[in-house]
Amino acid sequence: MKNYYLAVDKTLFELNLTPVEILILAQVEEFQRNKCVCYLTDEGLATSFGVSERTISRAITHLSEL
């Protein structure tokens, strides 16, 4: 059965992040839980979350500065 949901750790909501930043971190954590390497591109994340590649790029830049 295909997984149609993304588990989000509630503690991410305490970090004053945007919803897209939370989704990106939750996606990376999902890969870690499954012992996989995350090779998703900005385009892949944008398609998954229904936002622009620019939005993903800004979110990743902000997360890398934390």
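1. A helix here is a DSSP run of H or I covering at least four residues, with numbering from the N terminus. In this predicted model, Ile22 lies in helix α1.

2. Ile22 has a relative accessible area of 6%, and it is therefore buried, the cut-off being under 20%. Leaving aside residues up to four places away in sequence, Ile22 touches Val8, Leu12, Phe13 and Leu17. Ser57 is 35 residues from Ile22 in sequence, and the two C-alpha atoms are 14 Å apart.

3. Two packed helices are described by the angle between their axes and the distance between the axes. For α1 and α3, the axes come within 9 Å and cross at roughly 75°. That angle falls in the range of 65 to 115 degrees, so α1 and α3 are roughly perpendicular to each other. On the α1 side, the contact is made by Val20, Glu21, Ile24 and Leu25. On the α3 side, Thr55, Ile56, Ala59, Ile60, His62 and Leu63 take part. Sorted by class, this contact of α1 with α3 has 7 nonpolar, 2 polar and 1 charged residues.

4. Helix α2 spans residues 42-49, and its buried residues are Leu45, Ala46 and Phe49. These residues cover an arc of only 100° around the axis, so they sit on the same side of α2. The buried residues of α2 pack against both α1 (19-33) and α3 (53-64).

5. Which exposed residues does the face of α2 turned away from its buried side carry? They are Thr47 and Ser48. Just after α2 comes Gly50, with a positive phi of about 70°.

Terms used
Residues are numbered from 1 along each chain as its sequence is written. This is a predicted model: local features need pLDDT of at least 70, side-chain atom pairs count only at pLDDT 80 or more; totals for chains, interfaces and linings use all residues. Side-chain values use heavy atoms; hydrogens and water are left out. Buried means under 20% relative accessible area, exposed over 50%, partly exposed in between (1.4 Å probe, protein chains only). Helices (H or I, at least four residues) and strands (E, at least two) are DSSP runs, numbered from the N terminus. The arc is that of the directions from the helix axis to the C-beta atoms. Contact means heavy atoms within 4.5 Å. Axes are lines fitted to C-alpha atoms, for helices over the stretch in contact, and angles run from 0 to 180 degrees between N-to-C directions. Angles under 35 degrees count as roughly parallel, over 145 as roughly antiparallel, 65 to 115 as roughly perpendicular and the rest as oblique. Ala, Val, Leu, Ile, Met, Phe, Trp, Tyr, Cys and Pro count as nonpolar, Asp, Glu, Lys and Arg as charged, and the others, Gly among them, as polar.
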